[in-house]
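Have a look at the structure first.

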Amino acid sequence: MSHETFDDQVAAYALDALDAGERAAFEAHLAGCTRCESTLRESREALAAVVLEGPAAVPPPDVKAALMRRVAGDATPVHRRTDTRRLWLRGVLVAAAAMVVGGFLTGMFVAARYEAELGRVARETSRLREDLARQEAALQTRVAAYQAIVDLLRDPATRVIAMRGAGPSPTAEGRVVWHETAGGQVLVAKLPPAPAGKAYEMWTIAGGKPTAAGVFQVDESGQAIHRVPPGRGPVDVFAITLEPAPGVPAPTGPIVLASTK
Ligand SMILES: [Zn+2]
């Protein structure tokens with residue numbers, strides 16, 4: 001790396017505009033280089049002046065001339081180089097400060113520095129949005145069930161039948177809001193979540209014959225609301241058993257809830 005690279009980096013370093021790798025390399029070099037040390041001091045003074053005066057819209061003519069000479073590769077005598085370099089440096093700083101004011105550099109720095117953070121926030125937002133959509137769907141299902149219960153209860157023929165916990169879940173509770181021709185809704189509470197591969201199955205029992213009335217799962221709090229289709233004839237008993245998840249045509253598992261006759 002020729003020293004010219006460091007000359008070019010001084011202004012950027014003074015503006016804290018080097019990337020992490022460049023900054024580390026420049027600082028390692030700066031520790032042993034009096035030339036860069038003095039240029040850095042000059043550039044900080046020039047930067048302070050720029051900040052105090054505000055960025056010039058156009059670099060002063062002598063700065064522009066120095067810059068053009070430099071671009072043209074003009075070999076300036078060594079004793080004049082310091083002045084030229086200082087003018088050039090000031091021109092660079094004016095331009096850089098104007099860019100900072102214009103928001104260009106700021107935008108790039110913000111993007112680079114916060115890209116990872118923005119990515120994390122975006123992922124988190126999308127996860128929350130999915131959670132919210134799931135919760136909203138569950139809530140809508142529940143509202144629809146409550147609406148169905150309210151509609152049922154408007155009919156004087158609707159009965160509310162209590163169910164008691166049995167077998168493996170003696171503390172479980174249940175209610176069936178029931179209309180013989182319309183069917184109804186069963187509400188359960190305090191049922192443990194069914195083991196993997198299992199589900200709760202509802203039965204309407206008429207004349208001693210059980211009819212399958214659908215499978216359901218409970219939520220984390222042990223609650224569920226399940227739609228029960230009308231039975232084949234007047235229902236004498238409601239029961240819930242633990243069965244293989246797809247459901248079975250006739251009960252095989254233990255009764256977890258049953259209505260009191
Ligand atoms: Zn140096």
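## Confidence

Across the protein, pLDDT (the predictor's confidence in each residue, from 0 to 100) averages 82, and 75% of the residues score at least 70. This is a predicted model, where local features need pLDDT of at least 70 and side-chain atom pairs count only at pLDDT 80 or more, while totals for chains, interfaces and linings use all residues. Residues are numbered from 1 along each chain as its sequence is written, and side-chain values use heavy atoms, with hydrogens and water left out.

Residues 74-80 stay under 50 in pLDDT.

## The zinc site

Four donors (N, O and S atoms within 2.8 Å of the metal, or 3.2 Å for Na, K and Ca; water is not among the atoms, so sites may look incomplete) hold the zinc ion: His3 (NE2), His29 (NE2), Cys33 (SG) and Cys36 (SG), at 2.0 to 2.3 Å. Their spacing along the chain reads H-x25-H-x3-C-x2-C. Because His3 lies in helix α1 (residues 3-14) and Cys36 in helix α3 (residues 34-53), the pair ties together parts that are 33 residues apart in sequence. Helices here are DSSP runs of H or I with at least four residues, and strands are runs of E with at least two, numbered from the N terminus.

Notes. Contact = heavy atoms within 4.5 Å.
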